[in-house]
Amino acid sequence: MDEKVPRSKIIETEIPMGTVHPAALEPYRVRLFVEDEIVQEAEITIGVNHRGIERIMEGLPVEKANSLTEKICGICSNAHIWNSCRTAEMGLGIEIPERALYIRIIMGELERLHSHFLYLAHGCEVLAHETFSMRVFYLREIVMELLAMIGGNRVQYGCSVLGGVRPRCDLDESKLLRLKEDMDKVEEGLTDFANRFTSDSIVMSRISGIGVLPQKQALKLAVTGPTLRATGVARDLRTTMFEYDNFDFNVVTQPDGDVKSNLLIRALESFESIKIIRQAIVNIPEGKVVNRDWEMFDTGINESYIEVPRGTLYHSYALESGRVRHSIIRTPSMSNIGAMQYACIGDQITDAQLSIVQCDPCFTCSDRTIEIIRR
Amino acid sequence: MFENTLINSILAVIGTVLVCFLISTLLPGIERKYIHARIQQRIGPVVMAPGIMAPIKFMFKENVEISSPVPGLYKSLPIICFIVVLCVLIALTPQAYQFPALASLVAVVGFLKVEEICYVLMGALSKSVMSVRMPFPDQVKGAAHLKTTKSFIEDISAKRSLRMITYGSFPLYMALFAPVTAAGSIFLSDIVAYQQANGPFLFTVSGAIAAIVFFIGYMIILNEYPFSIIKAKSDVIEGPYMEYAAKYRAVVYITRGFFMFVLGAIFSVLFIGVPPTILSWGILVNIAVALIFVFMMGIFSAFSPVFTNRQLLPTILGATLLGILSIVLGLL
C-alpha cells in the first residue's frame, strides 16, 4: 500500500469509528487498525449521505440544474454554482461582463476565507483547544455577514447565473466600503490569531510531525488544493483561470505535509485571499453584471475545472434542448480521501481524527455512488 | 455527655458535608461561566446550569437502556464514585480524627485509587453504539482486513485509565505524601497539628514545590484538559461516561463538582492545616482554596489542547521528579 507500513503486517486490533462522531463534521466510517494505540492502517468509507444530485440534474433545464449544484455543499456552494455556470458558458461561448467576473471572484475568495476559517476552527476543536477555535469562529462570522450582505444568505447565495451574476448581488459604493473595512478587521484578527497560534509551544508540539503526507505520496494519490500545496507542490488552478488574469497573488506552499503545514497554509492563503479581494474592490469596473444576449444550442460534453477552497472542482455536462445530459461532478475530497487514510498511519489514535481533518474532508459533497445491499 | 459529644460530632460532619456539597454544585458553573466563557469572549451558561440545573434536569429524564455486559455494575459505578468522594471529605473533617484508620493519608489515597479504578471499570463495561455496534457493513468486498479483533472506543479509555493508575496519578500521590515528610506522620490530625504549630506547609520550599505538583495531579485526576486523555473528544468522545444517561448522568455531574471541592479540601488540610468543618471559620479557607483551584484549572484548560501520550508522559515524568524533589527537601 505504501512505504509507511508493509502490507503483510499482521493487524491485531481494529477500532471502528463513526459514522457518527463528534470530531467529524460529516458522516463517515473510519476503521483504524492499531497496535498499542498506534495506527498501522486506516480505511475510510463514505456513502451514507448520497443524494443523487447528478442523477436529479439529468434532463433538468440548465438554469435549474445550476441552482441545484449549489446544494451539493454548504461550505463551497458558491464554487459549485460558479463552476456549473462556467461549464455551460464555456460550451455556449457566453461572454461574461468584466464586473460580473470581479463579483464572482470576490464571492469566491470570501468563500475561501470562510472555508479556511472553518477548517482552522475545526482543527483547533479537534485539538481540543476551544479558545483558539472560538477566536477563529468570530473572524469567520465577519466573512459570513459579508456573504449575506452580497448574496442575501449566509449559505446558498445563488450569486452566479448564466452570463454573469444576479443583479441583486451587484456591489454599490456602500457595500464596497463595508467590504474594504471588514477586510481590514479580518486581516488584523487573522494576524493576531496566527501570531498567537504559532507562538504557542504546546499547540506546536501537538501538530508538528503529525499526519505527515510526503510530497511523493501526495502526487501519487492525485491530492489537490491546499493539502497538496502543504507538501511543497506549488499547484493552484487559479493561476490558469482567465478570471484571475488581472490579479496579483502568491501560490503559498509549506514544506512538511503535516498538520502544522496544513493549518499554516490555510492561514497564509487567507491573507492572499484578502489581497485579492482588496484588488477587486479597487479595480472593479463599471458596467452591467449579467449578459442576457446569448442563444441556447446543443453542445457536446463541456468541462470546467476551478480552484475551490479544498482543491480542484470538476463539473461536466452536455446540453440538449437546453437540458443537462451526462452530468459529472468531482469534488476535491474525492481525491483527497487516499491522503486522509495515509496521513493517519504511524500516529496515535488521538491524532487520527486530526490527521483526517487536516486534509479538509467534505465527504457529503463527494458521495457520488451508492451500493444497495440486499439482505 | 459522651452521647451529646457524639451527636454533636455527627451533626457537625453532616452540616459540613451539606455546606461543602452545596458549594461544590456551583464550581463547574463558575469554571464554565467566569473562566472559559470569559476567556473565549462568549456569554457562557448560567452559573447554576452545569452543577445544579443540569443534574436536576437529568434526574427527571427517562433512562435509556444501557449497553453493557454488566449493566448493574456499570450503573452503580457513578454512585460508588460519589460515595468514595464523600468518604474522603468525611475523613478530612476534624471529627473523623478520632478514627485514625479513616483519617490517615493511606485511607485518603486508598479512596482516590477506588475512584480511579471505577474509571477503568466504566470504560471496560461501556459498549456504546459509537463504534463496533454501529450498524455499518465494514467487512464487505474490498475491505482491507476481514479477520480482526474489533474493539470498542471505550476499551481504549479503560486501557488509558489503567495507565493513569499506574503512572498518571503519580504526581498527585507524591504531592500528598510531601507534607508527611515534614509532619513525620501519616495521620491527618498530626499533619494539621504540625502546621498549626509551625505554620502552613505551603510556605516552605518543599511545600511550594509540592503544591505545584498537587495542582498538576489535581487536573490529571479530574480528567481536565489538557490531561483528559481518557475522555478525549477527538477519539474516545466521553470515554467511560459514554453510556450514562438520565439520573446516572446526573450523578456523574454532581460527583465531578463535589470531587473538585474535596480535592481543594485535601489541599487545605495537607498544605495549610485547615480542615473543613462548619464549626470553624476555617471552612472559608477550604472554599477559597476550592475556588482558586477551579480558577487556575479553568485558565490552564482554556489555553491547552488535549495531550496525547507524546506530551503526557514527559509532563507526568517532570511533575513526578518535582514531587520527589519536594519529598527530598521535606526530609532534609
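**Briefing: strands, helices and the A–B contact**

In strand β8 of chain A, A:I328 is the bridge partner of A:S316. That pair belongs to a set of six bridges between β7(A), residues 311–320, and β8(A), residues 323–330. The two strands run antiparallel. This is a predicted model.

**The β7–β8 hairpin**

- Two residues lie between the strands of the β7(A) and β8(A) hairpin.
- In that hairpin A:S321 takes a positive phi, near 55°.

**The three-stranded sheet of chain A**

- β7(A) and β8(A) are part of an open sheet of three strands, ordered β6-β7-β8.
- The pairing in this sheet is antiparallel.
- β6 (299–308) and β8 of chain A are the edge strands, each pairing on one side only.
- From one strand to the next, the twist averages 15°.
- Helix α3 of chain A, residues 77–92, packs on this sheet and touches β6 and β7. The direction of α3(A) makes about 140° with that of β6(A).
- Eight bridges join β6(A) to β7(A), and these strands run antiparallel.
- β6(A) and β7(A) also form a hairpin, with two residues between them.
- A:E307 stands opposite A:T312 of β7(A).

**A:M241 beside A:I306 and A:E307**

- A:M241 sits in the loop between α9 (225–229) and α10 of chain A.
- Beyond residues up to four places away in sequence, A:M241 touches A:I306 and A:E307.
- A:M241 and A:I306 are 65 residues apart along the chain, yet their C-alpha atoms are separated by 7.2 Å.

**The α6–α10 helix pair of chain A**

- Two packed helices are described by the angle between their axes and the distance between the axes.
- The axes of α6(A), residues 173–198, and α10(A), residues 259–283, come within 10 Å. They cross at roughly 160°.
- α6(A) is therefore roughly antiparallel to α10(A), since angles over 145 degrees count as such.
- The crossing of α6(A) and α10(A) is left-handed.
- Residues of α6(A) in this contact include A:L176, A:L179, A:M183, A:V186 and A:L190, along with the charged pair A:K180 and A:E187.
- On the α10(A) side, the contact residues include A:A267, A:S270, A:F271, A:I274 and A:R278.
- By class, the residues of this contact divide into 11 nonpolar, one polar and three charged.

**The contact of chain A with chain B**

- Across the two chains, 38 residues of chain A are in contact with 35 residues of chain B.
- Elements of chain A that each supply at least two residues to this side are β1 (13–17), β2 (29–35), β3 (38–45), α5 (130–151), α7 (201–207) and α12 (349–357).
- Which element gives the most to the side of chain A that touches chain B? α12(A) does, with six residues.
- The side of chain A that touches chain B has 18 nonpolar, 10 polar and 10 charged residues.

**A sheet that spans both chains**

- Two bridges join β1(A) to β1 of chain B, residues 149–150. These strands run parallel.
- A:E14 has B:K150 as its bridge partner in β1(B).
- An open sheet of four strands has the order β3(A)-β2(A)-β1(A)-β1(B), and its pairing is mixed.
- The edge strands are β3 of chain A and β1 of chain B, each pairing on one side only.
- Helix α11 of chain A, residues 332–344, packs on this sheet and touches β2 and β3 of chain A. The direction of α11(A) makes about 160° with that of β3(A).

Conventions:
Residues numbered from 1 in each chain as written. Chains lettered and ligands numbered in written order. Predicted model: local features only at pLDDT ≥ 70, side-chain atom pairs only at ≥ 80, totals over all residues. Contact = placed C-beta atoms within 7 Å. Pairing = 2+ DSSP bridges. Axes fitted to C-alpha atoms, helices over the stretch in contact; angles between N-to-C directions. Parallel < 35°, antiparallel > 145°, perpendicular 65-115°, else oblique. Left-handed = near helix turned anticlockwise from the far one by under 90°.
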